[in-house]
Each structure stands twice: as structure tokens, then as C-alpha cells.
Amino acid sequence: MEGKNLSLTVTGMTCASCARIVEKKLSKVDGVSFAGVNLATETAFVVTDGTVPEELLEKAVLSVGYGVSRERPQDLEEGRYRKARINLSLAWAITGPLMALMVFHMMGIHVPGYLWMEIFGGAVVIFGAGWGALRGAWIALTHGHGNMDVLVSLGALAAWSTALLGALGLNVSSFGAVGAMIVALHLTGRFIESHLRGRAAKEIRALVGIQAREARVLKDGLEMTLPIEALKEGMTLLVRPGERIPSDGTVLSGRSAVDESMITGEPIPVSKELGDPVTGGSVAVTGSMEIEVTRVGEDTFLSRMIALIEEAQGAKIPIQAFADRVTGAFVPVVALLALASGVFWYTSIDRFGWFLDRASAWLPWVVEARDPLSVGLFAFVTTIVIACPCALGLATPMALITGTGAASKKGLVIGNAEAIQTAGDVKVVILDKTGTLTLGRPALAHMDLDRRALSVAIAMESMSNHPLAKAIAEIEADPLDVSSVEEIVGEGLKALIDGEEWTVGRPLSMERYSDQLELGRTVVEVRLGEGVRGFLALEDPIRPEASSAIEELRSLGIRPVMATGDNRGSAALVARAVGIDPEDVHSEIRPEDKLSIVRSEQAKGVKVLMVGDGMNDAAALKGADVGVAIGSGTDLAIDSADMVIVSGGVDRIAQGIAISRKTFSVIRQNLFWAFAYNLLALPLAMAGLLHPVVAEVAMTFSSISVILNSMRVGS
């Protein structure tokens, strides 16, 4: 049974622990070979053996207390954004006045009934606006794990309970307003987080948005409109000027300039006519066309690129495994530390009260009360609040989202998240020649033909399917009708025109064209009878950006290597033109030799990136540490690659490596600061040197700073 990839939108997750629990549950479903859950995108990516129904996966998610949404991601995000805004407004409408009154209270200006305001106002914020956090905490605890909601809820409830204890007559300091503020700041962080996450993921939504919703289908001379989900291969579509092409296909009739800028990034419309391929999502600008559908649904180029990005953003990279192990143990450890801190101060305030007295001279927020219960609760609440691990959970996925988004804007689709980490260490880039360093489309470089002979050559070549024939057929000349052409394998074309026998093809003698052959060109000779009338010299033009791309790779400390099946002379000419050293040129090699070259470089202890576009490159692309396919290449090459160049050429390789290095650098910065924050703040909180308000502000700032730092990747 063929494997199948599925994506689910998981709702209710609030931290890395939630994502890990869902991932673990999905991995245990029979028939699932891989499951990855991304907190930042709220997506579960699952690889199955093809026998697992989606309903079974949904049931697994529901069994651990989380939900699965069938809404479009953008609709779900918009609804969540509206709800977050309402809850945030309610929370601060109550918390703001409570905090202002608390400041007066701490200054000795007591407002009548303030304690009851804390109780009822805090209840509305915690159990109303903050209900989602309480629900998340309950789900986590009832399924045997802890998450960020557990810490937030424990801190808020513990702080709010001090107001209740005060109302019952116990001699404790009231932090009821702090309980409301914990929730308000938590909701603020979530709101900003959601807003920035939406901005970071908009590149994918832009790709999804350019898909057509409906298509005009021609059947038995009639025109009907169908949703694109109903399209099948072989159907004939009608596309009029200004309309978006619904699916990948081939032009059957008509002609149009097609705007592919939303897909390739190229601003100039491309002319499409009979036999030319078209890509779903592009726009017909000037004329109508009839198109035969060649790919539908998930098989279309656009859908595959979207799937690659989503898969990369939902996958994990090696450095994240360490962060996940830490966050997995974080919640129970913090809960124990908070409990230990509370018990310590409750039982030892008489012996160590002097420490708080001295600290209060420097830190005005240190608790003034010296009764055991007040100080114990103070330390417990502060420790719980300060250690919410959301920054750790967001450190890697947020950077991955912005990194893959930044790459897609430059025309480079990253389909393997691990390539983000690996590409930064690449020291050798192996490049195919044809279609990679060159355009892969033969073009006329020189000719020596009179007007009549040129018209004959063009007319004859227009009857052939040979790759060189199309380049010749595109040359403008006087029109000439040729009724029949005989194609002789290895020799060329023969035709009888006006009683004269013409031949277009392989030269009788290569020696007379040595100057053209030394330039790496292919010569097509034109003969009338036995006499030579002239020739056309064709070459595969070097990509205009190839030379600067090689220079940029060298500036990054990367050695460029060429591996091609072409002859030595042609390979040497291209290498010299783009700036590749002669000793790094491998020519006249077979497909399996390319993989051997990759292995040989890897044996030297370096990471290798391979670039190619054909079937003969597939094995090397798969064997390299990072494989990059040219988007105009074969399906096998694209499927074997970790990255796909959708627009532009080899210049995107250096840009991709630069983005990879920047992304991984940001991930390391995020993890360092998230760990450093907790290592510094936890001891201070346990020592009673932080106020719960300061702790909550610091925790929120830590999460937002991780997100903002991640956004730098796309700048």
C-alpha cells in the first residue's frame, strides 16, 4: 500500500508540551510511520501507510483533550484573533483599575471595599476572559501532563486565593489583583503572538490565495463551470484574458501572454501557445486558450510547493529535540521548585526574614509582610509565574516559519526543515551544467546561410521534435511550406522541395567547423544535393546570473564543483565563463558517477549541497546532505530534493544558504536567551526577590522577544 501524507489543524495547544503530547499520541496510531506537530502553525503532519482513515487520527487528537478543525486555517485564525481581542479588552478593562488601586493601597491609601473588588474583579478576569487557560490546564492535568496553562492557572488562582483568605479573616497579604494581571498579561502575550504568527505565515496564505476556485470546462461543445476539486486529468479548460489558470496543463489551442509572477517572481509575462505547459495559479493576460489538464489536486505544481513549505514548517530539526526534552520536564520541575520555595519560606521566615529586610532596601517590590503564609504564597506564586516555558516552545518553530517564508519570497521553497540546519554548514556545492549553470534550452549562436537556405532549414526543422529543432524553428524567416520530411536517425532531416533534395543535420566533415566546436557549440549543416549551403551553430546559453552566483558562493566560504555528462571542451568553457576552477570540473560522467562525486566530497568530512534538474541528478540529490532542484526540472528531481528553486537560477543557492545560516543563528539565540532567562529568574523568584507582577511582565517579554527576534530572519 502506498504511503500517504496528511495534515491536521489542531486546536487548543498552548505550549511545546501540548504539541509533544499530541505528537506522541498520533505516533502510536497503527499505520502511522511519522508524526510531527508544530505549535507555531498548529499543524500536525502525519505519514501513514495509506490505510489509516483521517477520522482515526482526529479521534487520537481528541483523546488527549485537543481539537481538530476543518475550517480553513485563515478562517480559524481570524476567529481566534477576534476572540482573543475581546478577552484581552475585558481583562484589561478590569485589571487596569485594579492595578491602579493596588498601587494606592501599597502607598498606604486604602480604598474602601478594595478587597472585594479584587475578589469579584479577579474572578471575572480569571474565570471569564482567562477561561481558555483554565480549560487548557484542566485538559493537561487530566491527561497526566503539564503545560504553560498549568503554570499560568496555578499562579493566577494562587494569587487570587490570597484575597479570599484575607476576606475569611486570615492575616495574609492580598495579591488578588496580581491574579487578574497574570491572566491579562498572559492574554496580551497570546494576542501579540497570534498577530505576529499570522504575519509570519502570510506567504503560504498568499500561495493558497492564488489558486483558482472554479474552472470553465468544455465538453461536447458545451461550456460548464466546475469547482477545481472536480477537475480530472484530460479535461479541456477554457481560460479567457484576465482569468487565473485553474490547474496545470498543456495549451491545446489559442495563445496568450501568461503572468507567472505570483509563482516564479518574474514580472514579464511569458508567451504560451500550442504545446506549451502552463501552471495553475498563473494569469492569462492577453488572449484566450484551451488547455488540457495534466495535473489536478495535490499533484499540481502549486499544491506541491505549498505542501513542501507546510511540511518544512511542521517538521522538526535536530536542535529542537534538545529543547523538547527540556520543556518536557520543565513544568513538573517548576511546580516542585515553587512548592519547595513556598514551604521553605513558610517554615523559615523567622530565621531568614532578615534577608528580605535587606533586599527590600534595594528592591521596592519585595513583599513587606513577614507572616509565614503571606511570604510562602508570595514565593510560590512568583516562581510559578516566572518560569512559563512558552519562550522555549516558540524558539525553534517561529524561526522556521520566518525562515521558510523568507526563502519562498526569494523563489526558494524549502521542503525539508532539517535542511535549514544542515545548509548552514555546507562547504561544497556540486552543480550540474545543463539546465543549472546553463538555461537548458539550445539557442542560435551563429549562422552562415542565405535567405532561401534559412527558410528551408526552418521549415524542415519545424516538422521535427528534436530538441535542437525547436531552437531553429523559432528563428524568423520567409515562410515556406514543406509537405513531408524524412527523419534519419543520427543523420538529420531530408525533404524534396521544388524538385530539389535538401538535407539539414549532422555535418559531413567536422573539421571545417573546428572553430565553432572549440566554443562548445553544436553545428547543424544545410545541404542542397551534395553541396553545402551553410550552417547554423547552436549553444546552450549560460544563465546570466551564473557567474555572480559562483562568486557569491565563494564569498560564503563554499567551493563550487561542476559535474556534467557533457564533453570536456564544453564543460571547460562553461566552467571558465562562470569562474569554476579547472580541477573542480568533472565531465563526461554517468548519473551514478555524480553520486560517487558527492560521496567522495563527503568522505573529506564536509557537508555537500547538490544542484540539478534532471532524472540523472535524482540519486545525487538524494545522497547529498542538501539537494536543490531547479523548479523547471523533472518531477523526480523535485521529489528527491530538499529545496526547490521556483524562480530565478543558481543565484538562489547562495541566498538560501545565507537564509539557512541566519535562521539557525536566530534559533540558537532564541534558545540561549530562553534558557538564560529561566536560569537567572528562577533562583531570584525562589529567593523572594521578584514580585509576581514583575515576574509576569518578564515572562511575557521573554516570549515576545523570541518572536520578534525570529522575525529578523525575514528582514
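How are helices H4 and H6 oriented to each other, roughly parallel or roughly antiparallel? Before I answer, a word on what we are looking at: this is a predicted model, in which local features need pLDDT of at least 70 and side-chain atom pairs count only at pLDDT 80 or more, while totals for chains, interfaces and linings use all residues. Residues are numbered from 1 along each chain as its sequence is written, and side-chain values use heavy atoms, with hydrogens and water left out.

Let me begin with H6 itself, which covers residues 148-167; helices here are DSSP runs of H or I with at least four residues, strands are runs of E with at least two, and both are numbered from the N terminus. H6 has 20 residues and reaches 29 Å from its first C-alpha to its last, close to the 28 Å expected at 1.5 Å a residue, where the expected span is 1.5 Å times one less than the number of residues. After H6 comes Gly-169, with a positive phi near 100 degrees.

Now to the opening question. Helix H4 (residues 114-129) packs with H6 at an angle of about 150 degrees, their axes 9 Å apart; axes are lines fitted to C-alpha atoms, for helices over the stretch in contact, and angles run from 0 to 180 degrees between N-to-C directions. H4 and H6 are therefore roughly antiparallel to each other, given that angles under 35 degrees count as roughly parallel, over 145 as roughly antiparallel, 65 to 115 as roughly perpendicular and the rest as oblique. Their contact, meaning heavy atoms within 4.5 Å, includes Leu-115, Trp-116 and Phe-127 of H4 and Trp-160 and Leu-164 of H6.

Helix H5 (residues 131-142) also meets H6, and the two axes come within 8 Å and cross at roughly 120 degrees. That angle makes H5 oblique to H6. Among the residues in this contact are Leu-134 and Leu-141 in H5, together with Val-150 and Leu-157 in H6.

Finally, let us turn to the strands. Six of them form an open sheet in the order S6-S5-S7-S13-S8-S11, with antiparallel pairing, where two strands pair if DSSP finds at least two bridges between them. Strands S6 (222-227) and S11 (277-278) stand at the edges with a single partner strand each, so one side of each is left without a neighbour in the sheet. S11 pairs with strand S8 (residues 249-254) in the antiparallel sense over two bridges, and Val-278 in S11 is the bridge partner of Gly-249.
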